[in-house]
Amino acid sequence: MAFRKKSTKNPPVLSHEFILQNHADLVACVGMFFVLGLMFEGTAEASIVFITLQHSVPFPAAAERATESKFLYYYGIKDLATVFFYMLVAIIIHATIQEYVLDKINRRMQFPKAKQSKFNESGQFSVFYLVSCIWGTFILISENCLSDPTLLWRAHPHNMMTFQMKFFYISQLAYWFHAFPELYFQRIKKQDIPRQLVYIGLHLFHIAGAYLLYLNHLGLVLLMMHYFVELLSHMCDLCYFSDEKYQKEFSLWAIVFILGRLVTLIVSVVTVGFHLAGGQNRNPDALGGNVNVLAAKIAVLSSSCTIQAYITWNLFNVQLQRWMEEDTTLQAPVVKKKRTKGRSSRKGTENGVATSNRVDSPHKRKEKSS
(Lines give C-alpha, C1' and ligand atoms only; values in the text may rest on other atoms or scores of the structure.)
Protein backbone atom coordinates (compact mmCIF):
# COMPACT_ATOMS: atom_id res chain seq x y z
CA MET A 1 0.00 0.00 0.00
CA ALA A 2 1.68 3.18 -1.23
CA PHE A 3 1.43 6.32 0.84
CA ARG A 4 3.37 8.58 -1.55
CA LYS A 5 3.26 8.92 -5.28
CA LYS A 6 6.32 7.54 -6.94
CA SER A 7 8.14 9.67 -9.46
CA THR A 8 8.69 8.54 -13.06
CA LYS A 9 12.39 7.95 -12.33
CA ASN A 10 12.92 5.24 -9.74
CA PRO A 11 15.77 6.23 -7.39
CA PRO A 12 18.34 3.63 -6.30
CA VAL A 13 17.24 1.34 -3.48
CA LEU A 14 18.06 2.66 0.03
CA SER A 15 19.26 5.96 -1.42
CA HIS A 16 18.39 9.29 0.16
CA GLU A 17 15.57 10.01 -2.30
CA PHE A 18 14.25 6.44 -2.07
CA ILE A 19 13.90 6.65 1.71
CA LEU A 20 12.13 10.02 1.52
CA GLN A 21 9.64 8.79 -1.07
CA ASN A 22 8.94 5.41 0.55
CA HIS A 23 9.52 6.02 4.25
CA ALA A 24 5.90 5.25 5.14
CA ASP A 25 6.05 1.89 3.33
CA LEU A 26 9.33 1.01 5.02
CA VAL A 27 7.99 1.91 8.45
CA ALA A 28 4.80 -0.08 7.77
CA CYS A 29 6.93 -3.15 6.98
CA VAL A 30 8.78 -2.78 10.27
CA GLY A 31 5.48 -2.50 12.15
CA MET A 32 4.14 -5.60 10.41
CA PHE A 33 6.98 -7.69 11.85
CA PHE A 34 5.68 -6.98 15.35
CA VAL A 35 2.09 -7.74 14.34
CA LEU A 36 3.05 -10.99 12.60
CA GLY A 37 5.04 -11.96 15.66
CA LEU A 38 1.76 -12.45 17.53
CA MET A 39 0.95 -15.42 15.27
CA PHE A 40 3.83 -17.58 16.49
CA GLU A 41 4.28 -18.96 19.96
CA GLY A 42 7.98 -18.27 20.15
CA THR A 43 7.71 -14.56 19.28
CA ALA A 44 4.26 -13.75 20.70
CA GLU A 45 5.58 -12.90 24.12
CA ALA A 46 8.11 -10.42 22.72
CA SER A 47 5.60 -8.86 20.30
CA ILE A 48 3.04 -8.27 23.05
CA VAL A 49 5.52 -6.00 24.82
CA PHE A 50 5.52 -3.68 21.80
CA ILE A 51 1.79 -3.71 21.00
CA THR A 52 -0.06 -3.87 24.34
CA LEU A 53 0.33 -1.86 27.53
CA GLN A 54 2.63 -3.37 30.14
CA HIS A 55 3.05 -3.20 33.93
CA SER A 56 -0.55 -3.96 34.91
CA VAL A 57 -1.82 -5.15 38.29
CA PRO A 58 -5.35 -6.28 39.28
CA PHE A 59 -7.22 -3.93 41.56
CA PRO A 60 -10.65 -4.49 43.23
CA ALA A 61 -13.31 -2.48 41.48
CA ALA A 62 -15.42 -1.98 44.63
CA ALA A 63 -15.60 -3.20 48.19
CA GLU A 64 -18.90 -5.01 47.69
CA ARG A 65 -17.57 -6.74 44.57
CA ALA A 66 -14.20 -7.95 45.74
CA THR A 67 -14.32 -10.90 43.38
CA GLU A 68 -14.43 -8.61 40.33
CA SER A 69 -11.30 -6.67 39.57
CA LYS A 70 -9.96 -4.31 36.95
CA PHE A 71 -6.42 -3.67 35.86
CA LEU A 72 -4.50 -0.55 36.81
CA TYR A 73 -1.12 0.36 35.41
CA TYR A 74 2.14 1.87 36.51
CA TYR A 75 5.11 2.83 34.35
CA GLY A 76 8.23 0.77 33.72
CA ILE A 77 11.08 0.11 31.32
CA LYS A 78 8.87 -1.91 28.97
CA ASP A 79 6.93 1.24 28.12
CA LEU A 80 9.83 2.27 25.86
CA ALA A 81 9.03 -0.64 23.54
CA THR A 82 5.35 0.34 23.41
CA VAL A 83 6.25 3.96 22.69
CA PHE A 84 8.51 2.79 19.84
CA PHE A 85 5.76 0.74 18.18
CA TYR A 86 3.19 3.54 18.35
CA MET A 87 5.82 5.96 17.07
CA LEU A 88 5.86 3.85 13.90
CA VAL A 89 2.07 4.07 13.75
CA ALA A 90 2.28 7.85 14.09
CA ILE A 91 4.70 8.06 11.14
CA ILE A 92 2.30 6.06 8.95
CA ILE A 93 -0.69 8.22 9.94
CA HIS A 94 1.37 11.36 9.34
CA ALA A 95 2.26 10.23 5.80
CA THR A 96 -1.35 9.25 5.07
CA ILE A 97 -2.71 12.66 6.07
CA GLN A 98 0.07 14.37 4.13
CA GLU A 99 -0.61 12.62 0.83
CA TYR A 100 -4.36 12.11 0.82
CA VAL A 101 -5.39 15.44 2.38
CA LEU A 102 -2.72 18.13 2.54
CA ASP A 103 -1.00 17.44 -0.79
CA LYS A 104 -4.34 17.55 -2.62
CA ILE A 105 -5.20 20.89 -1.01
CA ASN A 106 -1.76 22.23 -1.93
CA ARG A 107 -2.25 21.28 -5.58
CA ARG A 108 -5.69 22.83 -5.66
CA MET A 109 -4.76 26.08 -3.93
CA GLN A 110 -1.39 26.31 -5.72
CA PHE A 111 0.49 27.69 -2.73
CA PRO A 112 4.05 28.94 -3.29
CA LYS A 113 6.85 26.83 -1.85
CA ALA A 114 7.32 29.25 1.04
CA LYS A 115 3.74 28.66 2.23
CA GLN A 116 3.58 24.93 1.55
CA SER A 117 5.77 23.92 4.49
CA LYS A 118 3.87 26.19 6.89
CA PHE A 119 0.54 24.94 5.57
CA ASN A 120 1.62 21.30 6.01
CA GLU A 121 2.82 21.99 9.54
CA SER A 122 -0.42 23.72 10.55
CA GLY A 123 -2.50 21.00 8.91
CA GLN A 124 -0.72 18.16 10.71
CA PHE A 125 -0.86 19.88 14.10
CA SER A 126 -4.53 20.80 13.63
CA VAL A 127 -5.48 17.15 13.17
CA PHE A 128 -3.35 16.04 16.13
CA TYR A 129 -4.62 18.74 18.49
CA LEU A 130 -8.24 18.15 17.50
CA VAL A 131 -8.03 14.39 18.13
CA SER A 132 -6.12 14.91 21.39
CA CYS A 133 -8.63 17.46 22.70
CA ILE A 134 -11.59 15.17 21.99
CA TRP A 135 -9.82 12.14 23.47
CA GLY A 136 -8.53 13.99 26.55
CA THR A 137 -11.94 15.56 27.25
CA PHE A 138 -13.54 12.12 27.08
CA ILE A 139 -11.03 10.81 29.65
CA LEU A 140 -11.63 13.76 31.99
CA ILE A 141 -15.38 13.16 31.84
CA SER A 142 -15.15 9.39 32.29
CA GLU A 143 -12.85 9.75 35.34
CA ASN A 144 -15.00 12.51 36.90
CA CYS A 145 -12.21 15.08 36.87
CA LEU A 146 -14.58 17.86 35.80
CA SER A 147 -17.20 17.08 38.45
CA ASP A 148 -14.61 16.46 41.19
CA PRO A 149 -11.62 18.84 40.74
CA THR A 150 -9.95 17.44 43.88
CA LEU A 151 -8.78 14.51 41.74
CA LEU A 152 -6.16 16.86 40.35
CA TRP A 153 -4.22 16.58 43.61
CA ARG A 154 -5.89 13.49 45.11
CA ALA A 155 -5.78 10.25 43.16
CA HIS A 156 -6.30 6.78 44.64
CA PRO A 157 -4.05 4.92 44.43
CA HIS A 158 -1.48 7.62 43.84
CA ASN A 159 0.94 5.45 41.84
CA MET A 160 -1.55 3.82 39.44
CA MET A 161 -3.25 4.75 36.17
CA THR A 162 -6.27 3.49 34.33
CA PHE A 163 -5.91 1.90 30.90
CA GLN A 164 -7.19 4.91 28.97
CA MET A 165 -5.01 7.32 30.95
CA LYS A 166 -1.84 5.34 30.34
CA PHE A 167 -2.65 4.73 26.67
CA PHE A 168 -3.20 8.47 26.21
CA TYR A 169 0.23 9.31 27.64
CA ILE A 170 1.91 6.54 25.64
CA SER A 171 0.31 7.90 22.46
CA GLN A 172 1.37 11.45 23.28
CA LEU A 173 4.96 10.42 23.87
CA ALA A 174 4.95 8.36 20.67
CA TYR A 175 3.64 11.28 18.63
CA TRP A 176 6.23 13.76 19.85
CA PHE A 177 9.05 11.23 19.44
CA HIS A 178 7.93 10.61 15.86
CA ALA A 179 8.41 14.33 15.18
CA PHE A 180 12.21 13.88 15.27
CA PRO A 181 12.46 11.60 12.19
CA GLU A 182 9.77 13.70 10.48
CA LEU A 183 12.25 16.59 10.39
CA TYR A 184 14.22 14.43 7.96
CA PHE A 185 11.28 12.91 6.09
CA GLN A 186 9.59 16.29 5.48
CA ARG A 187 12.84 17.99 4.39
CA ILE A 188 12.68 20.73 6.97
CA LYS A 189 15.04 23.62 6.27
CA LYS A 190 18.17 23.83 8.39
CA GLN A 191 17.28 27.26 9.76
CA ASP A 192 13.91 25.92 11.01
CA ILE A 193 15.30 22.81 12.72
CA PRO A 194 16.40 24.53 16.01
CA ARG A 195 12.94 26.01 16.48
CA GLN A 196 11.32 22.64 15.84
CA LEU A 197 13.68 20.86 18.23
CA VAL A 198 12.86 23.30 21.04
CA TYR A 199 9.12 22.96 20.36
CA ILE A 200 9.26 19.15 20.38
CA GLY A 201 11.59 18.95 23.37
CA LEU A 202 9.40 21.15 25.56
CA HIS A 203 6.35 18.98 24.91
CA LEU A 204 8.27 15.78 25.60
CA PHE A 205 9.76 17.17 28.80
CA HIS A 206 6.42 18.17 30.32
CA ILE A 207 4.44 15.15 29.15
CA ALA A 208 7.12 12.75 30.42
CA GLY A 209 7.36 14.72 33.68
CA ALA A 210 3.63 14.41 34.36
CA TYR A 211 3.77 10.73 33.43
CA LEU A 212 6.75 9.84 35.62
CA LEU A 213 5.61 11.91 38.63
CA TYR A 214 2.09 10.42 38.49
CA LEU A 215 0.57 13.87 38.00
CA ASN A 216 -1.68 12.35 35.38
CA HIS A 217 -4.86 14.32 35.94
CA LEU A 218 -3.06 17.65 36.33
CA GLY A 219 -0.98 16.98 33.23
CA LEU A 220 -4.07 16.02 31.25
CA VAL A 221 -5.96 19.19 32.22
CA LEU A 222 -3.00 21.41 31.37
CA LEU A 223 -2.48 19.59 28.08
CA MET A 224 -6.11 20.07 27.10
CA MET A 225 -5.92 23.82 27.73
CA HIS A 226 -2.63 24.09 25.87
CA TYR A 227 -3.84 21.97 22.94
CA PHE A 228 -7.06 23.96 22.62
CA VAL A 229 -5.15 27.24 22.30
CA GLU A 230 -2.69 25.69 19.84
CA LEU A 231 -5.60 24.27 17.83
CA LEU A 232 -7.10 27.75 17.47
CA SER A 233 -3.69 29.09 16.46
CA HIS A 234 -3.19 26.58 13.65
CA MET A 235 -6.80 26.88 12.50
CA CYS A 236 -6.29 30.65 12.17
CA ASP A 237 -3.14 29.98 10.16
CA LEU A 238 -5.03 27.64 7.82
CA CYS A 239 -7.72 30.27 7.30
CA TYR A 240 -5.06 32.89 6.65
CA PHE A 241 -3.39 30.67 4.03
CA SER A 242 -6.71 30.19 2.24
CA ASP A 243 -7.55 33.91 2.30
CA GLU A 244 -5.40 36.72 3.68
CA LYS A 245 -8.43 38.74 4.78
CA TYR A 246 -8.67 36.45 7.84
CA GLN A 247 -5.48 37.94 9.24
CA LYS A 248 -7.57 40.14 11.55
CA GLU A 249 -8.60 37.02 13.48
CA PHE A 250 -5.09 36.88 14.95
CA SER A 251 -5.99 39.53 17.54
CA LEU A 252 -8.91 37.40 18.78
CA TRP A 253 -6.66 34.37 19.07
CA ALA A 254 -4.07 36.42 21.00
CA ILE A 255 -6.69 37.18 23.67
CA VAL A 256 -7.58 33.48 23.97
CA PHE A 257 -3.86 32.68 24.10
CA ILE A 258 -3.20 35.02 27.03
CA LEU A 259 -6.27 33.77 28.90
CA GLY A 260 -5.11 30.18 28.38
CA ARG A 261 -1.68 30.99 29.83
CA LEU A 262 -3.23 32.65 32.88
CA VAL A 263 -5.62 29.77 33.54
CA THR A 264 -2.75 27.31 33.20
CA LEU A 265 -0.71 29.16 35.81
CA ILE A 266 -3.67 29.38 38.20
CA VAL A 267 -4.50 25.68 37.91
CA SER A 268 -0.84 24.73 38.40
CA VAL A 269 -0.40 26.88 41.51
CA VAL A 270 -3.69 25.80 43.09
CA THR A 271 -3.16 22.11 42.37
CA VAL A 272 0.43 21.97 43.56
CA GLY A 273 -0.41 24.09 46.61
CA PHE A 274 -3.25 21.84 47.73
CA HIS A 275 -1.28 18.70 46.94
CA LEU A 276 1.69 19.93 48.95
CA ALA A 277 -0.36 21.18 51.88
CA GLY A 278 -2.62 18.16 52.04
CA GLY A 279 0.09 15.55 51.94
CA GLN A 280 2.49 16.59 54.64
CA ASN A 281 1.48 13.72 56.91
CA ARG A 282 2.35 11.09 54.34
CA ASN A 283 5.81 9.67 53.98
CA PRO A 284 7.26 10.79 50.65
CA ASP A 285 8.58 8.00 48.51
CA ALA A 286 9.66 9.06 45.03
CA LEU A 287 10.49 5.50 43.96
CA GLY A 288 7.07 4.27 45.03
CA GLY A 289 5.24 6.99 43.15
CA ASN A 290 4.57 9.40 46.02
CA VAL A 291 6.53 12.49 45.01
CA ASN A 292 4.93 14.77 47.57
CA VAL A 293 8.18 16.51 48.48
CA LEU A 294 8.95 20.20 48.47
CA ALA A 295 11.71 19.93 45.86
CA ALA A 296 9.44 18.13 43.39
CA LYS A 297 6.62 20.65 43.81
CA ILE A 298 8.97 23.60 43.37
CA ALA A 299 10.34 21.96 40.23
CA VAL A 300 6.82 21.49 38.83
CA LEU A 301 5.82 25.09 39.55
CA SER A 302 9.03 26.58 38.18
CA SER A 303 8.80 24.46 35.06
CA SER A 304 5.18 25.46 34.46
CA CYS A 305 5.90 29.17 34.97
CA THR A 306 8.99 29.05 32.76
CA ILE A 307 7.23 27.40 29.85
CA GLN A 308 4.32 29.84 30.03
CA ALA A 309 6.72 32.80 29.99
CA TYR A 310 8.65 31.29 27.07
CA ILE A 311 5.51 30.67 25.00
CA THR A 312 4.20 34.19 25.72
CA TRP A 313 7.51 35.71 24.68
CA ASN A 314 7.34 33.80 21.39
CA LEU A 315 3.84 35.16 20.84
CA PHE A 316 5.08 38.73 21.17
CA ASN A 317 7.92 38.04 18.74
CA VAL A 318 5.54 36.56 16.16
CA GLN A 319 3.17 39.48 16.54
CA LEU A 320 6.00 41.99 16.07
CA GLN A 321 7.17 40.20 12.94
CA ARG A 322 3.67 40.26 11.47
CA TRP A 323 3.31 43.96 12.20
CA MET A 324 6.63 44.64 10.49
CA GLU A 325 5.57 42.57 7.47
CA GLU A 326 2.29 44.49 7.26
CA ASP A 327 4.12 47.83 7.37
CA THR A 328 6.50 46.81 4.60
CA THR A 329 3.67 45.53 2.39
CA LEU A 330 1.68 48.71 2.91
CA GLN A 331 4.58 51.06 2.29
CA ALA A 332 5.96 49.31 -0.79
CA PRO A 333 3.01 50.07 -3.17
CA VAL A 334 2.92 53.74 -2.08
CA VAL A 335 6.60 54.27 -2.84
CA LYS A 336 6.28 52.49 -6.14
CA LYS A 337 3.27 54.57 -7.08
CA LYS A 338 5.04 57.81 -6.27
CA ARG A 339 8.03 56.79 -8.36
CA THR A 340 5.91 55.85 -11.34
CA LYS A 341 3.95 59.07 -11.00
CA GLY A 342 7.13 61.14 -11.02
CA ARG A 343 8.45 59.29 -14.04
CA SER A 344 5.17 59.70 -15.90
CA SER A 345 5.12 63.45 -15.22
CA ARG A 346 8.68 63.73 -16.45
CA LYS A 347 7.84 61.79 -19.57
CA GLY A 348 4.75 63.92 -20.05
CA THR A 349 6.69 67.17 -19.88
CA GLU A 350 9.37 65.81 -22.16
CA ASN A 351 6.77 64.61 -24.62
CA GLY A 352 5.00 67.96 -24.41
CA VAL A 353 8.15 69.85 -25.17
CA ALA A 354 8.99 67.51 -27.98
CA THR A 355 5.55 67.78 -29.56
CA SER A 356 5.57 71.54 -29.19
CA ASN A 357 8.91 71.67 -30.97
CA ARG A 358 7.57 69.41 -33.69
CA VAL A 359 4.48 71.60 -34.11
CA ASP A 360 6.34 74.90 -34.05
CA SER A 361 9.03 73.86 -36.47
CA PRO A 362 6.87 74.14 -39.66
CA HIS A 363 5.78 77.69 -38.74
CA LYS A 364 9.32 78.69 -38.13
CA ARG A 365 10.27 77.29 -41.52
CA LYS A 366 7.53 79.31 -43.22
CA GLU A 367 8.65 82.46 -41.47
CA LYS A 368 12.22 81.84 -42.55
CA SER A 369 11.14 81.18 -46.10
CA SER A 370 9.02 84.34 -46.18
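Buried means under 20% relative accessible area, exposed over 50%, and partly exposed in between. That scale is used below for a predicted model.

**Salt bridges**

Side chains of opposite charge can pair when their charged atoms come close. This structure holds three salt bridges. The table lists them.

| Arg187 | Glu17 | 2.6 Å |

Take Arg187 and Glu17, whose side chains meet at 2.6 Å, N to O. Arg187 lies in the loop between helix H5 (163-185) and helix H6 (193-212), and Glu17 in helix H1 (residues 16-36), so the pair ties together parts that are 170 residues apart in sequence. Glu17 has a relative accessible area of 30%, so it is partly exposed.

Lys166 belongs to helix H5 and Asp79 to helix H3 (residues 79-109); the two residues are 87 residues apart, and the pair links distant parts of the chain. Are Lys166 and Asp79 buried or exposed? Both Lys166 and Asp79 are buried.

**Aromatic pairs**

A pair of aromatic rings is described by the distance of the centres and the angle of the planes. The count comes to 26 aromatic pairs. One of them joins Phe34 and Phe85: edge-to-face, 6.1 Å centre to centre, with 85° between the planes. Phe34 sits in helix H1 and Phe85 in helix H3, so this pair ties together parts 51 residues apart in sequence. Phe34 is buried, at a relative accessible area of 17%. Phe85 counts as buried at 9% relative accessibility.

Trp135 and Phe168 have ring centres 5.2 Å apart and planes at 80°, so their pair is edge-to-face. The pair links distant parts of the chain, with Trp135 in helix H4 and Phe168 in helix H5, 33 residues apart. Trp135 counts as partly exposed, at 24% relative accessibility. Phe168, at 0% relative accessibility, counts as buried.

**A charge over a ring**

Which ring lies under the charged end of Arg261? The ring belongs to Phe257, and the charged end of Arg261 sits over it, 4.8 Å from the ring centre.

Technical notes. Residues numbered from 1 in each chain as written. Predicted model: local features only at pLDDT ≥ 70, side-chain atom pairs only at ≥ 80, totals over all residues. Heavy atoms only, no water. Salt bridge = Lys/Arg side-chain N within 4 Å of Asp/Glu carboxyl O. Helix = DSSP H or I, 4+ residues; strand = E, 2+ residues; numbered from the N terminus. Buried < 20%, exposed > 50% of the residue type's maximum accessible area, 1.4 Å probe, protein only. Phe/Tyr/Trp six-rings, centres within 6.5 Å; stacked < 30°, edge-to-face > 60°. Lys NZ or Arg CZ within 6 Å of the ring centre and 35° of its normal.
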